[in-house]
Amino acid sequence: MKRSNLVSRLELVSITKQYPGCLANDDISISLMPGEIHALLGENGAGKSTLVKTIYGVVSPDKGDIIWDGREVSIKSPSIARDLGIGMVFQHFSLFETLTVSQNIELCLSKTQLNAIGNLAERIVQLSKEYGLNVNPDRYVHSLSIGERQRVEIMRCLVQSVKLLILDEPTSVLTPQEVAGLFDVLRTLSKEGCSILFISHKLHEVTEICHKATILRGGRVVETCVPQEETPASIAKMMVGDLAEQDAGYAKKIGTKSLFNVNCLSLPAKQPFGTSLKDISFELKSGEILGVAGVAGNGQDELMAIISGEDERDVKNSLTLEDKAIGHLHAGDRRKLGMAYVPEERLGRGAVPDMSLTENTLLTHSDGFIKKGLVDWPSIQKYTETLIAKYKVKCHGEFSEAKSLSGGNLQKFIMGREIGQNPKVLICAHPTWGVDVGAALAIHQALLALRDQGAAILLISEDIDELFLLADRMAAVCDGHLSPVVKTESTNIDQIGQWMAGTFINSNNDFKGAKS
Amino acid sequence: MIRIQARTEPSSMMKIASPLLAIVLTLIFGGILFSAIGKSPTQALHVLLIAPLADSYNIGEMFVKMGPLLLCAVGLSLCYRANMWNIGAEGQLLAGALGGSAMALYFVDSESAFALPITLLAGIASGMIWAAIPTFLKLKFNSNLILTTIMFNYIALYLLIWAVHGPLRDPQGFGFPESAMFSDATLLPTLFDSSRIHLGIVFAILSGVIGWFILSKTHLGFQIQVFGADEPAARYAGFSSKKLSWLVMLFAGALAGLAGVSETTGPIGQLVPNVSPGYGYSAIIVAYLGRLHPIGAILAAIFMAVLYMGGDLAQIEMGIPVAVVSMFQGVLLFFLLACDFFINNRLAFSNHATN
Amino acid sequence: MDSDLIVQILFAAIKTGTPLLFIALGELICEKSGVLNLGQEGMMLMGAVVGFLAAYGTGSAGLGVLAAMLMGCLMSLIFAALVLHLGANQVATGLALTIFGTGLSAFVGSGVVGQTIQGFQPIAIPLLSDIPFIGKILFTHDILVYSSFAITFALLYVVNKTRIGLTLKAVGENPHAANAIGIKVLRVRYLSVMFGGVMAGMAGAYMSLVYTPMWVENMTAGRGWIALALVVFASWRVGRIMLGAYLFGLASIMHLVLQGLGWSISPNLLAMLPYVATVIVMVIISADQFKEKLLAPRSLGKPFDPRQMA
C-alpha cells in the first residue's frame with residue numbers, strides 16, 4: 001500500500017483539550033489516508049472520545065490544527081463537519097426514539113443536502129440495498145434493536161456521501177455475528193476510498209480489519225503501529241503501560257446447595273421502549289458464579305430491577321431465596337435477608353454523587369449502625385475508613401464526595417460495601433465496565449473470594465471475555481428470554497454469541513411445550 | 001478576560017454566602033427601584049428593614065409574622081429535601097385555620113382546659129388531611145404534586161370563603177363574612193403582656209429544632225436526603241418512597257395546619273376570609289433562603305417577617321404598595337438561584353486569550 | 001334549556017377558554033423543547049397589567065396587546081437565563097417567576113385598579129357568522145379569539161409537519177443527542193421559552209383588555225397553573241389543547257349552565273369547580289403512567305449543560 005503520493009484525508013496537529021481537573025488530549029497528532037481504516041486504541045479515559053468529538057466539531061480544542069484534504073479547517077460544529085464529509089456513529093447513539101428512521105436522518109441534513117437528495121426515503125432504501133444494511137425508513141427508532149440502530153447511524157452518514165467515518169466503540173453493543181456484518185460494510189466503504197476511524201479496546205478486532213493503529217494513554221499518543229504486525233498481547237502492553245497485570249485463568253467451581261431461584265418469571269415492560277421478561281427460570285447455587293451474557297437492552301436491567309425489588313410489582317412466588325418466596329417483599333426487606341447488588345450505574349444509583357463516602361456506606365449498609373432510629377455516625381465513619389483501606393480505594397478520605405472518585409475506585413468502594421454485608425446472594429452488573437486494568441483485577445479477585453466463601457453470584461455483563469474468565473456456569477439473554485444455562489467449560493464464544501442473537505428462543509419454547 | 005469555569009469540588013463557602021449575597025443584591029435592586037419611582041431609597045430601605053426592629057412593639061409583631069412563616073417553611077424544607085414538590089402550604093394553612101376554627105366555634109361557650117388543645121389538634125388534623133389528599137393522588141395515580149397542591153390551595157381558599165359566608169358566619173355579625181369571636185378558652189396565650197407574641201412562635205421554633213433533629217440525626221432523615229439527592233440510589237438501597245413521601249407530606253401538612261389554627265386562635269381571634277397574606281407561598285422562599293435546612297429556615301423566617309412588617313410600614317408611611325413585598329421575594333429567589341450557580345462554578349480571570 | 005342559551009353558553013366557553021388556550025399553547029412549545037416553566041401565572045399577570053397600562057395610556061388596545069407580548073417575553077427571558085445558562089432548578093425558578101410576577105404586577109398596577117378602558121369589540125365575520133348555531137358560537141368574537149384560532153392552526157402545522165417541529169421534538173427527547181448532531185439546543189430552548197412568554201403575555205392581555213376589561217390584582221386566578229395541567233391533559237398535542245381549553249372554559253362558567261337548569265348553588269362553591277375539575281382530570285390522565293411516560297418530552301425538567309462531557 002503505497003500512498004505517499006496522495007494527500008492525507010485528515011491530519012491532526014498537536015490537538016490539546018483541557019477539562020477541569022483533567023487533560024483529556026495532550027498534543028495529539030494523527031494522520032489518515034483515503035481508504036485507510038485506522039484504529040484509535042486506549043483504555044477508558046485515554047482521551048479517545050474527546051479526540052473524535054473534536055474532529056466532529058462537538059468539542060472545540062484549546063490548541064492544535066485540523067488539516068482536511070490538504071487545507072487547514074476549523075470545525076466549529078457538527079454541521080460543518082458534515083459539510084466536509086465527516087460522519088460519526090456515536091457510542092451512545094444519538095438517535096431519537098420517538099421519531100422515524102427517515103426523520104432521524106433528515107435532522108442531520110441541511111436544506112441543500114435534502115434538496116439534492118430529493119426523495120429521502122427512496123435514497124435510504126437504495127443505499128440500504130447497496131450496502132446490505134437492511135434499514136426501513138418508516139419504522140420508529142424505538143422499535144429497532146441495538147444493531148439496527150447502529151445501521152441507522154451508519155446510514156445517516158452514507159446519505160451524506162461520507163469521506164471519513166468515525167465509529168466510537170461500534171462493536172461493544174453487537175453480537176459477534178453482527179460484528180462480522182459491520183466489518184463487511186466497513187471494508188466495502190474502505191475500498192470506495194472512505195477513511196474510517198475506528199475506536200475500540202478489543203484487540204482482535206483491530207488486528208482483523210485495521211490498517212494502522214494509534215494508541216493513546218492518559219491523553220497522549222504513546223505508539224503508532226501496523227496491527228497486522230503486532231499481537232494482541234503486544235498492543236495490550238502499549239495500551240496499559242508496563243504494569244500490565246493480566247488476569248490469569250481462574251479455577252471453576254461447582255455450586256453446592258440451591259440458594260436463589262427464579263421460577264417462570266414473565267413480566268411486561270414497565271417503561272416505554274423497555275423489554276418485557278419472558279418466562280425466565282434459573283437457579284443460583286451457593287459457591288458459584290452464574291454469568292449472563294447479552295447485548296444491552298435485552299432485559300438485563302429489567303431482570304435486575306425485579307430481583308432487587310426496585311421494580312415494585314409483586315411477583316411473589318417467582319423469586320425464592322432459600323425456598324422462601326421473596327417476590328412480594330420490599331427492596332429493603334430483601335436486603336435484610338441477605339441479598340446485595342452492584343448496579344451498572346455507579347454514580348447516581350450505586351452511590352449518591354453529592355454525598356460523602358461515609359454517607360454512601362450508610363446507603364446500603366445500616367446493619368449495626370442504627371440505634372433506635374438514630375444514626376451512629378462515628379462508627380460508620382470508622383467502618384468506612386476500613387473499607388477504603390481494605391479495597392485500596394484512592395480518595396482523599398471518608399469525607400470525599402462519591403463523584404470525586406474515579407470510576408474504578410468508586411466501583412471498588414461499592415463492591416467492598418456490598419461484600420462487607422456478607423451477602424448470601426450478590427447480583428452484579430457490568431462490574432468492570434470503564435474500569436482500568438488494575439481495578440478490574442482487584443474486583444475480579446473480590447468476586448472470586450466472595451464465591452469461595454459460599455455466596456451465590458449472578459454476574460451480568462456485556463463483556464464475553466470477562467464472563468468466560470469468571471463464570472462457572474453461563475447463559476445469555478435476548479429480547480427478555482433466557483437461554484439454557486450451561487457449564488462454562490462445555491460452551492464456547494460462538495455458541496454464546498448465537499444465543500445472544502436469540503437462536504435458542506424457538507427451540508427452547510418447543511422444548512418447553514414438549515415437556516408440559 | 002473573564003471566563004466561567006466549573007469547580008472540581010462545590011464550594012462550601014458559597015453555599016453559605018449565596019443567600020447573604022442574594023439578600024444584598026435584592027436590596028441593591030430595591031434601592032434602584034425606589035429611586036426609579038421617585039422615593040428615597042435610603043428611607044424606603046430603612047422603613048422596610050430597620051423600622052420593623054426599631055421598637056419592642058414592632059419586634060413583637062415581627063415574631064407574630066415569623067411564626068406561620070417558619071412553621072410552613074420547616075415542613076417545606078423536609079418535603080423539598082425529599083423531592084416532594086409541595087406548593088400547598090398555603091392551602092394546608094387555610095385548611096388548618098378552617099378546621100381549627102370550626103372546632104373553636106364548637107367550644108365558643110366552653111371554659112374547658114381541653115378546648116385549646118383539641119382546637120389545635122383539629123387544625124393540625126385538617127392541615128394533614130389537606131396534605132394527604134394530593135399525596136394519595138400522587139402515590140396512587142401518579143398525578144403531578146405541584147399542580148394538585150396548587151389546585152388544593154385554591155379549593156381551600158374558596159371553601160374558607162364559603163364557610164365564612166355560610167355555616168361559620170357569625171349570626172350576630174351584621175352579615176359580615178366573619179365568624180364569631182372565639183372564647184378565651186380557645187385562644188393561644190400570649191407570652192408577654194405588652195405584645196401580641198403568642199405561643200405560636202414557640203411551636204415554630206420547636207418545629208425548626210425537631211426538623212433539624214430528624215434530618216441530621218435519624219436514619220429516616222438520611223433516607224429523606226438520599227431521596228432528594230438521588231432517587232435511583234434511594235430505590236437501589238431499598239428505601240420506601242411511599243413511607244417517606246407520607247412522612248414528609250404529613251409533617252408539612254401538620255405544621256402548616258398548626259400555623260393556620262395558631263393564626264385564628266392567636267392574633268386574629270376569629271375566622272376571617274384573609275387569614276393569610278400568602279404565608280404559605282412566602283414559606284417556599286423562606287425554605288430556599290434557609291438552604292432547605294430547618295435551622296437556616298429560622299434565620300430566613302426572621303428576615304422574611306421583617307420584610308412583611310416593613311411592607312406594612314412602607315405602605316403606611318411612604319405610600320408604597322404592599323405588593324412590593326411579594327415582588328422582593330421573587331427577586332430574592334432569582335438572585336439566590338443565580339448565586340447558587342457559583343457553588344459549582346467560578347469566574348476565572350486569565351490574561352492570555354484562548355487561540 | 002333552549003338553543004339560544006346553549007349558543008350563549010358555548011360562546012362563553014370559548015371566550016373563557018381563550019386565555020387558557022393562549023397560555024397552554026405557549027407552555028406546550030416550551031415543554032416540547034424539554035423546559036418546564038412554572039412561571040406562567042407570573043408572566044400572564046405581568047402581561048395583563050402591562051397590556052392594560054399601555055392601552056390605558058395610549059388609548060389603543062392593539063398597542064396594549066403588543067406591550068403585553070413584549071412583557072411576557074421579557075419575563076420569560078429572566079427564566080431562560082437562569083435555567084438555561086446558570087442551570088438553576090426549573091421548578092424553583094418557575095415558582096420564583098410566578099411570585100415575582102404576582103408582586104410586580106400588583107405593584108405597578110396599583111394606580112389603575114378599578115379603571116376601565118375601551119377593550120376590543122366583537123367583529124362578526126360576514127357570511128360565516130350567519131351559519132346557524134355554529135356561526136354565533138365561533139364567528140362573533142373579537143380579534144384576539146380569532147388570532148387564537150389562527151395560532152392554533154399554525155402550530156398544528158409547524159409542530160407536526162415541519163422541520164422546526166422535528167427539531168423541537170428532538171431537543172425535548174434527547175438534548176445530548178441533538179447537540180451531538182449539531183442542533184443548537186440552548187438556542188432552540190431559548191426560543192421556545194420566549195414563545196411561551198409571548199403567549200402568556202397575550203393571555204394576560206386577553207384577560208385585562210377583553211375578558212373583564214379592567215385590571216385587578218391576581219385577576220388570572222390560577223389560570224397559569226390550570227394551563228400547565230391542560231398540557232398534560234392534552235398529552236402534548238396541539239389539537240387537544242384547544243379542546244381542553246374550551247372544556248375548562250365550560251367548567252368555569254358552570255354557574256350559567258346551572259342557572260339555565262334552574263339550580264342554585266353557592267357561588268363560592270361553584271368557584272371551586274375549575275380547580276376540582278383540574279384535579280380530577282389530572283388524576284384520570286396520569287393514572288396511566290406508561291402512557292404518560294410515552295407521550296411526555298423525555299428530557300422535560302432536566303437541565304442540559306453543553307459544556308459537560310456527554
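Mentor: Two strands pair if DSSP finds at least two bridges between them. Helices (H or I, at least four residues) and strands (E, at least two) are themselves DSSP runs, numbered from the N terminus. What you are looking at is a predicted model, in which local features need pLDDT of at least 70 and side-chain atom pairs count only at pLDDT 80 or more, while totals for chains, interfaces and linings use all residues. Residues are numbered from 1 along each chain as its sequence is written, and chains are lettered from A and ligands numbered from 1 in the order in which they are written.

Trainee: Which order do the strands of the open sheet in chain A have?

Mentor: The order of this four-stranded sheet is E12-E11-E14-E15, with antiparallel pairing. At its edges are strand E12 (277–285) and strand E15 (324–325) of chain A, each of which pairs on one side only. Strand E14 (residues 319–321) of chain A is joined to E15(A) by two bridges, and Thr320(A) has Ala325(A) in E15(A) as its bridge partner.

Trainee: How do I read backbone phi here?

Mentor: Most residues other than glycine have a negative phi. Asp279(A), in strand E12 of chain A, has a phi near 50°. His430(A) also has a positive phi, of about 45°; this residue sits in the loop between strand E19 (425–429) and helix H15 (437–452) of chain A.

Trainee: Is each of them buried or exposed?

Mentor: A residue is buried if 20 or more other C-beta atoms (placed from the backbone) lie within 10 Å of its own, exposed if 12 or fewer, and partly exposed in between. His430(A) is buried because 21 C-beta neighbours fall inside 10 Å. Asp279(A) has 15 other C-beta atoms within 10 Å, so Asp279(A) is partly exposed.

Trainee: On to chain B: how many residues does each side bring to the contact with chain C?

Mentor: Chain B brings 39 residues and chain C brings 40. On the chain B side, H5, helix H6 (145–165), helix H11 (279–289) and helix H13 (324–344) each supply at least two residues. H13(B) gives the most, with 13 residues.

Trainee: And how many residues of that side are nonpolar, polar or charged?

Mentor: Ala, Val, Leu, Ile, Met, Phe, Trp, Tyr, Cys and Pro count as nonpolar, Asp, Glu, Lys and Arg as charged, and the others, Gly among them, as polar. The chain B side that touches chain C has 29 nonpolar residues, nine polar and one charged.

Trainee: What should I notice about H6(B)?

Mentor: A helix's expected span is 1.5 Å times one less than its number of residues. H6(B), with 21 residues, reaches 30 Å from first C-alpha to last, close to the expected 30 Å. Since 19 of those 21 residues are buried, H6(B) is largely enclosed by the rest of the structure.

Trainee: How many helices and strands does chain C have?

Mentor: Chain C has 15 helices and zero strands. Of its 310 residues, 55% count as buried.

Note on methods:
Contact = placed C-beta atoms within 7 Å.
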